[in-house]
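This report is meant for a reader who is meeting the structure for the first time. Please keep the sequence and the model in view while reading.

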Amino acid sequence: MERNMVGWFEVPVTNMERAKKFYETVFDISIAIHELGDFIMGWFPMSPDKPGATGSLVQHNMYVSSDTHGTLIYFSCKDVADELSRVVGAGGQVLQQKTEIGGGHGFMGLIRDTEGNRIAVHSNQ
């Protein structure tokens, strides 16, 4: 394979401004808002010359948030504890604290965002 299997992801939201603020706060990033017809998209930062995938927050009536169904996205970070420490203050909920995966695969934590999505964070430390 020439690339990682994931090329793009989309996270459903019902309130773009609230979701944008949550993700910017938790991950200490800036999200660019783009209106594309009926779709409002909040693009995560990207570096096309680096490995990994990027994606977008998406507000549209076809997209439904869920904390129990659908795909679980893992966001990479330096230390899961850092992102988890900002979740509650940003209006989300920590569903699972930093947990060692085992077998040298690092650590993970689970979050419910302000839109009701279940997402995960992953780090090697």
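## Terms and basis

Helices (H or I, at least four residues) and strands (E, at least two) are DSSP runs, numbered from the N terminus. The model is predicted, and local features need pLDDT of at least 70, side-chain atom pairs count only at pLDDT 80 or more, while totals for chains, interfaces and linings use all residues. Residues are numbered from 1 along each chain as its sequence is written, and side-chain values use heavy atoms, with hydrogens and water left out.

## A loop residue

Asp28 is placed in the loop between helix 1 (16-27) and strand 2 (32-36). Although Asp28 is not a glycine, its phi is positive, at about 55 degrees. Asp28 has a relative accessible area of 65% and is therefore exposed, where exposed means over 50%, buried under 20% and partly exposed in between (1.4 Å probe, protein chains only).

An open sheet with mixed pairing is formed by 4 strands in the order 1-4-3-2. Strand 1 and strand 2 stand at the edges with a single partner strand each, so one side of each has no neighbour in the sheet. Two strands pair if DSSP finds at least two bridges between them; strand 1 and strand 4 (residues 54-59) do so in the parallel sense over 5 bridges, and Glu10 has Ser56 in strand 4 as its bridge partner.

Helix 1 lies across strand 1, strand 2, strand 3 (39-43) and strand 4, and runs at about 150 degrees to strand 4. Here contact means heavy atoms within 4.5 Å, and axes are lines fitted to C-alpha atoms, for helices over the stretch in contact, with angles from 0 to 180 degrees between N-to-C directions.

## The nonpolar core

A nonpolar core is a set of buried Ala, Val, Leu, Ile, Met, Phe, Trp, Tyr and Cys residues joined through side-chain atoms within 4.5 Å. The largest one has 22 residues, of which Tyr23, Leu57, Phe75 and Val121 touch the most other members. At least two residues each come from strand 1 (8-12), helix 1, helix 2 (80-87) and strand 8 (118-123), and helix 1 gives the largest share, 6 residues.

## The buried side of helix 2

In helix 2, the buried residues are Val80, Glu83, Leu84 and Val87. They lie on the same side of helix 2, because they cover an arc of only 100 degrees around the axis, the arc being that of the directions from the helix axis to the C-beta atoms. Their cover includes helix 1, strand 6 (93-100), strand 7 (107-112) and strand 8.
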